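Let's read a structure together, one feature at a time. Have the viewer open beside you as we go.

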Amino acid sequence: MHAGTSEKKDSHASNLRDVVVEARNLSKTYRDFWGRSKKVALKPLDLEIRRGEIFGLLGPNGSGKTTTLKLLLGLIFPTSGEALVFGRDATDVSKNERIGYLPEESYLYKFLDAEETLDFYGRLFGLPPQERKRRGDALIKMVGLDRDKKRQLKEYSKGMTRRIGVAQALINDPELVLLDEPTSGLDPIGTREMKDLIIDLKQRGKTVILCSHLLADVEDVCDRIAVLHQGELKELGRVADLLRVTGVTQIRVNGLPTQAHDEIRALLTRYGGEDIEFGNPTTTLEELFLEVVRDTEARPGRRARSIAVGAGSQTNGPADAPRHD
Amino acid sequence: MVLEEEIPKFSAWIGPALLWYLFAGSLIVVIVAALAWLVQSTLYGPLVAGDRVYRGLLAGLGDCAGISLRRIWALSRLAIQESLRRNVLVVLGLFALIVLFAGWFLDPTSVNPGKLYLGFMLTATSLLVCLVTLVLSVFSLPADIRSKAIQTVVTKPVRSAEIVLGRMIGFSIVGTVLLALMGTTGWAFIVRSVNHRHEIAAEDVLENRADDGTTAGWEGRTSFDRGHRHRIDLKPDGSGRTDSTQGHRHDVRAVTAGDATTSRPIAYAVGSPVGLLESRKPLRGTLRFLDRGGRPSTKGISVGAEWSYRQYIEGGTLAAAIWTFDGIAEREFANGLPLEMIVRVFRTHKGEIEKGITGSVRVRNPISGLQSDPFYFTAKEFTIDAINIPRTLAVTSVDGGTRQVDLFTDIVAAGRVEVILQCLQPAQYYGIAQADFYLRAGNGSFAINYAKSCLGIWFSMLLVTAIGVMFSTFLAGPVALLATLSILLIGQFREFIQRLFESQVTGDATIAPGGGPIESLYRIVTQTSITLDLDPTVAVQSIKTIDTFLLAPMRLGAGIFPSLSALGTADFLAGGFDIPLDLLAENGMETLGYLLAFFVAGAFCLKAREVAS
C-alpha cells in the first residue's frame, strides 16, 4: 500500500517534470484605454504540453492561437488564469534562457547582417565570444545563408528573413521552441526543410509548439494539436487519433495484380464489408515538386523524369486518382 | 560673470542630500504602488490587485538583481549600430558648416571676441549634441515596438531595465563621441580665431625722458588689427605690455641692436593675447557695506534696477564696500595680492563720458584696523580691473606721517584681510556684487577649463537621452519628443513658473506680472499691458481660477524637472574663470540623481507595458 502511494507520487512528480507548458484557465480580453472590454481574444484555456512533443495550435485567422503563444511568452499579460513555462510564470524572464521563439514575420533588426544578428542574440544569452561565433556559423550554414551572411537583413527576401529568424530562435540551443507560422513565406523546399528541422528538433529531445493555419504542415509534423476557433478550444488530442476514421479499414498492398481484386472483394463482402474501393494511392503535390527539383538538379537541362514519363505514371498526377470499381 | 549664490562645498551637502533622495525615492515607490493598486482594484478587485502589485514589486526587485552587464552592453552596441547605420555622423557635417559660418560671420572686432566665440561654439555644440541624442532616443524604442523587433528581444532573457539602460548607454556613447569631436574642433577653432598679433612701427613709439635726460621708458601704440589697437608702455629695459582692449593685453619686448638700456629699439616683438582665453582661479571673500555716513550696513543702495544682484555705493561719501578674505597664506601670495574686480558704474550725470569713474582700494587689518594708503584706479565697464597690492605698503598715520609696512606682517591677520572699495567722484555710483572682487589665487589651464565646460554639456546630453528613452517606453516617437521637450522647457523656466504660481496663489501681481497662460492670452487678445490690473469681472475671475489649476501641475513639474541651463558652466568659461570642482561635482550628482530616476521610471513603464498588444 505504502509502496503504491510512493510510486504514485513519483509518477506524479515525473509527470510534473515532463510538463513543459501549462495553461490554467488562461484567458485574454483586450481592453480600451478606459478599461472597457474590446475583444475577447482567448476564452479560458486549459492546456498541458509535455517534453519532447510537437504540439500544434491550429485555427483560422483571429482564432486566438497567436494570442496563446504571446501569453506563453509573456509578451502580453493574461486577463485571468495563468501560463506556466517550465513551471514558472510566463512573465518570468529567466524562463527565456531555455526558449527559442520564431515570430510570425521574423521581426529582426534590418540594419544588421546575418552574422551581426546572431551575434547580438547570442550576446543576449550571455554566450562567450567563441561559442557565439561557432553557433552562429553553424546556424548560418544550416539555414543556407552562407553566401549572404554579410548582407543587411533589409536586403533579404522573405524566405531568407525567415531562415535567419529560425537561426536566431535556435542560437541558445533551446529546450522549447515556439514557432509562429513557421512555413509562412517559404517555398516548398524551404517548407520541407522547416518540417525536417522541426522533426529533427523533436528527435533531439526538444519540445516544439507551432501555430499555423496550414493544416498539411501541422498534420505532417505534429504529435498533438489543439484546434482553436473564436478564442475557444474546440479540439485537443493526438493527430493520429483525431484524424482516425473509425469503422473504415484501409489495406495497402504492393504488387497486387488486378485479377486478385475480385477475389478480395468477394472475401470482404463475405465478412460484411461495404463500400469497398480499390485504387492507387496518390502522393502529395509537395512530394511531386521536391522530386522534380531533385531530379532537375541531378540532371540539369533535362525534363524531370517523372514528368517525362507523363500520364503513364502510376504514382503521379490526375491519372492516379482512385478508381471506383 | 554673475554668481548669485556661493557654490557650496560638495562634502557639506552630499550626505543629507543622499538621505533626502532615498526618502523621496521610497515615497514615490509607495505612491506609485498605491495608485497601481487602485487602478487594478477597479479591474480585478482589491485582492487580485494586491497580489499583482506585490508580484510586480517582487519582479522589479528580481529584475534589479538579475541585471546583466553583458546584456546591457549588447543592447548598447545595438543602439550604437542603429545610430551609425542611420547616418548619425551626418551631424558632424552640419557642425562643420556651422563652424564655417561662425568663421565668416562672427565679428572678431567685438568688445570681447573670446566670449563671443566661446558662447557661440558651446551653444552650437550643446544644441546639436542634445538634439541628435534626443531624436535617437525618442524614436528608437517606438520604432522597435512598431516593427515588432522588440518581441524577438524580450523573448530572450532580457529585462526591461536592461533594454532601457542599454539604450540610454548606447545613445549616450554616440552623444559622447559626437561631443568629443565637436568639442575638440570647437576648441581648435576658438583658439585659432581669437589668436592674433599686432605690429609696432618705430614711428608709433615715443621715448619718455626723465628730468636727468635718461630714458624713462617708451610709449606708443600698436597697429590696428581685428578692429582694435593697444597703447603700449615699456620700461627703460624695453619690456612691458599693452593696455587692455577687447578683454586682452599683449606682452611687448623691444628689440635693440645693443644694450637694451642705452640703445634705441629697432623693432618690437608683440606676444599672443593674454586674458582672452583664461582660467582664473579666484579666492572670493564676503561683502558688507558702509553707508554714506560710514555706518555699517548689510546692503548698498538700490539704483532702481529690477534685478538686485548688484548693490551700489555712492561716490564722494563715506560709503564703501568691504570684502573680507580668509585663508590668505604668504607662500601663495608671496609677491602681494593680485586683486581683480568687475565694477559697474551708475552715472547720475554724464560727466566726462570718455573717462571712467575714479575709485580707490585700500587694504586693512581686520583686527588692528591698520589700513594702507589708497590705490587709485579708473573703473571701466565690461572689463576686469586689476590692481596688484604689493608686499610693501605705505601707511599714513593720523599725524600725517607715512611709513612702510609689510603686507603679511602688519595687514594680514590670521590669514584674514579686508579690502575697502570707495567711489571717489560725487554723485556717481559703483555697482558691485560679492563675486565681483576676488584675489587671483592662480591660473588653470584653459584647455582643461574648456573640457570642464564640455562636461556640463555632457551632463545635459545624458539627461536629454534619459528623458527621451524614458518617454519612448510608453509613448509613440513624436509624442515622446514633445513630452521630452515639454519637460525640458518647464525645467528651463522653473524659477519663472514657481514665481508665476506664487503670484497666482497670493494674488500679488508684482511677483510675476501678466498672470497665467489663459490670462496672458486674454491680455494679448485685448491688448492689455501686463502692468495693468484687470477688472475683477466674473470672466476675469474664472480665467484666474483656470490659470491656477493649469499652473499647479506646472509648478509641481518645475519643482521636479531638471534645468539644463543650470548644468551649464559656459558662463565661467566665457568669463575666464576656472570652473570650480565643487560645482562640477554638484552638477554631476544632480545629473546622476535624475538619470537614476528616469531609468527606474522607464524600466517600470516598459515592464508594465504589453509590448505585443
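**Reading the two chains**

Q: What are the domains of chain A?
A: Domain bounds come from an automatic or database domain assignment. For chain A, that gives domain 1 (18-243) and domain 2 (285-320). Taken over C-alpha atoms, the centres of domain 1 and domain 2 of chain A are 34 Å apart.

Q: Before we go on, how should I treat the model and its numbering?
A: This is a predicted model: local features need pLDDT of at least 70, side-chain atom pairs count only at pLDDT 80 or more, and totals for chains, interfaces and linings use all residues. Residues are numbered from 1 along each chain as its sequence is written, and chains are lettered from A and ligands numbered from 1 in the order in which they are written.

Q: How many residues of chain A are in contact with chain B?
A: Two residues are in contact if their C-beta atoms, placed from the backbone, lie within 7 Å. Here, 26 residues of chain A are in contact with 25 residues of chain B.

Q: Which elements of chain A give two or more residues to that side?
A: Helices (H or I, at least four residues) and strands (E, at least two) are DSSP runs, numbered from the N terminus. In chain A, α2 (65-73), β6 (99-102) and α3 (114-124) each give two or more residues to the side touching chain B. The largest share, four residues, comes from α3(A).

Q: What classes of residue make up the side of chain A that touches chain B?
A: Ala, Val, Leu, Ile, Met, Phe, Trp, Tyr, Cys and Pro count as nonpolar, Asp, Glu, Lys and Arg as charged, and the others, Gly among them, as polar. This side of chain A has 18 nonpolar, five polar and three charged residues.

Q: Is α5(A) mostly covered or mostly exposed?
A: A residue is buried if 20 or more other C-beta atoms lie within 10 Å of its own, exposed if 12 or fewer, and partly exposed in between, with C-beta atoms placed from the backbone. Ten of the twelve residues of α5(A) are buried, so the helix is mostly covered. Among the buried ones are A:Arg162, A:Arg163 and A:Ile164.

Q: What covers the buried residues of α5(A)?
A: The cover includes β6, α3, α4 (129-142) and β7 (176-180) of chain A, together with α6 (149-154) of chain B.

Q: How many helices and strands are there in chain B?
A: Chain B has 16 helices and 21 strands. Of its 613 residues, 36% count as buried.
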